[in-house]
Amino acid sequence: MKFYYITFRSVTHAQRGESILKQRGIRCTLQRTPRWMEEQGCGYSLRVWTQDIHLPVALLEEKGVPKRRVYLQKDDGQLEEAQL
Amino acid sequence: MIYLDNGATSFHKPPQVYRAVTEAMRTCANPGRGGYGAAMAASEKLYACREAAGKLFSCQPEQVVLTNNCTHGLNIAIHSLFRPGSRVVVTGFEHNAVTRPLHGLDARIVVAGRKLFDWADTLSEWEKALDRGADGAVFTHVSNVFGYILPVEQMAKCCRERGIPFIVDAAQSAGSLPVSLEALGAEFIAMPGHKGLLGPQGTGLLLCRNGGEPLLRGGTGSDSINQDMPADLPERLEAGTMNVPGFAGLTEGMCCLLRRGTEDIFRREHAQLRLAAEGLKKLGLEVFAGEHQAGTLSFRAGMDCEDAAAALAKQGIAVRAGLHCAPLAHRSAGTLDTGTVRISFGIDACFAQTRALLQGVSKGVCRKS
């Protein structure tokens with residue numbers, strides 16, 4: 001299982017994203033976005049546990065929920081932006 | 001008290017509304033501002049409110065902007081769509097919440113359709129006014145004075161066919177008649193939270209099709225470096241700390257409606273309205289009743305309307321007299337000089353209320369007039 005962060009501009013988008021992913025059985029939690037990830041200031045993100053990030057991202061796109069960026073948490077705990 | 005002023009606010013809320021308000025005050029911090037439990041709990045309350053509204057009004061949660069009241073929502077909508085000099089078509093039954101913002105904006109207000117309970121006239125005049133050219137339209141779903149249900153589906157279709165953006169004022173219909181952002185195709189639909197939706201005062205909803213221009217600017221808890229308001233709904237139109245207890249209560253009110261169904265509520269209110277209208281007519285009063293009427297009606301009693309309402313209040317019957325913040329509607333009906341006494345049924349409409357009203361009018365109004 002891999003850990004990802006999907007960041008959003010709006011808490012409401014993050015909440016709707018959480019609802020959509022959970023309805024599909026994808027484990028995720030809503031949290032504040034780490035400051036360094038969010039160049040525009042404060043925001044919210046979803047921490048997602050998944051093998052394949054493409055499915056949650058596709059679900060969000062299908063439902064019209066705009067995201068900002070996706071980060072992968074590597075084995076050493078460092079985060080890097082995922083290339084989708 | 002026999003409460004017949006639901007057009008002003010629903011007074012007896014479902015018990016879960018009171019509980020939700022209290023619980024939110026005890027458990028919620030500032031929504032969208034922090035990541036700790038109490039802040040996240042507050043954000044969840046607001047999201048639950050948007051979700052419930054989305055189910056009731058056929059829209060997505062982010063299209064639901066939480067406002068202070070219907071007037072607040074109408075001001076956002078009107079200032080988003082119109083500029084000084086805009087030609088804006090309205091009906092003859094609009095509330096001051098529509099006409100004052102338009103007047104303040106120096107818009108050119110065109111009034112179309114002034115005949116009560118006459119859909120053919122309303123639609124004919126509406127089309128004529130739109131065909132003379134319009135930058136937009138604003139129309140009420142139900143007259144707050146007379147309960148006249150306007151043919152909003154057809155009026156919306158007329159606007160859509162001409163590419164004219166429009167705003168619907170659902171102040172008196174939300175909660176008892178179907179209202180769908182998707183089906184109407186409105187740019188905005190504004191409504192209070194504290195009337196038919198059974199929430200606390202100080203709450204309202206603005207349903208937005210695409211976006212809107214902020215009336216207030218300030219903190220949103222997101223996108224903080226950007227000195228413009230965020231581009232995304234709903235935060236774009238929600239500056240400052242939100243009324244979390246109020247919206248927690250409103251969510252419970254809307255959940256009650258979702259469980260019970262608006263058709264049942266309308267049927268109940270309408271049945272009492274018919275009985276009240278017949279009874280008041282038999283007592284010799286001038287009653288404004290007709291086809292296409294919701295749970296509200298006005299009457300005149302041959303005495304000052306405020307005196308009539310005071311006489312009823314002495315008997316424990318709460319009604320509203322005067323112009324009801326809608327001088328345009330009174331001008332259309334020819335009652336501007338006198339005003340009217342308005343009765344408006346709510347979710348608890350029942351025969352005992354109607355009987356008490358008729359007895360109260362017979363005793364306190366007819367004998368004095």
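This briefing covers confidence, domains and nonpolar cores in the structure above. The model is predicted: local features need pLDDT of at least 70, side-chain atom pairs count only at pLDDT 80 or more, and totals for chains, interfaces and linings use all residues. Residues are numbered from 1 along each chain as its sequence is written, while chains are lettered from A and ligands numbered from 1 in the order in which they are written.

**Confidence**
- The complex gets an ipTM of 0.87 and a pTM of 0.95 from the predictor.

**Domains of chain B**
- An automatic or database domain assignment sets the domain bounds.
- Domain 1 of chain B is 2–10 + 261–366, and domain 2 is 15–260.
- Their C-alpha centres lie 26 Å apart.
- In domain 1 of chain B, 32 residues are in contact (C-beta atoms, placed from the backbone, within 7 Å) with 32 residues of domain 2.

**Nonpolar cores**
- A nonpolar core is a set of buried Ala, Val, Leu, Ile, Met, Phe, Trp, Tyr and Cys residues joined through C-beta atoms within 7 Å.
- Buried means that 20 or more other C-beta atoms lie within 10 Å of a residue's own.
- The largest nonpolar core has 116 residues, and B:I167, B:I189 and B:L207 are among those that touch the most other members.
- Both domains of chain B give residues to this core, so it lies between them.
- A second, separate core of 15 residues includes A:Y4, A:Y5, A:C28 and A:V48.

How values were computed. A residue is buried if 20 or more other C-beta atoms lie within 10 Å of its own, exposed if 12 or fewer, and partly exposed in between; C-beta atoms are placed from the backbone. Two residues are in contact if their C-beta atoms, placed from the backbone, lie within 7 Å.
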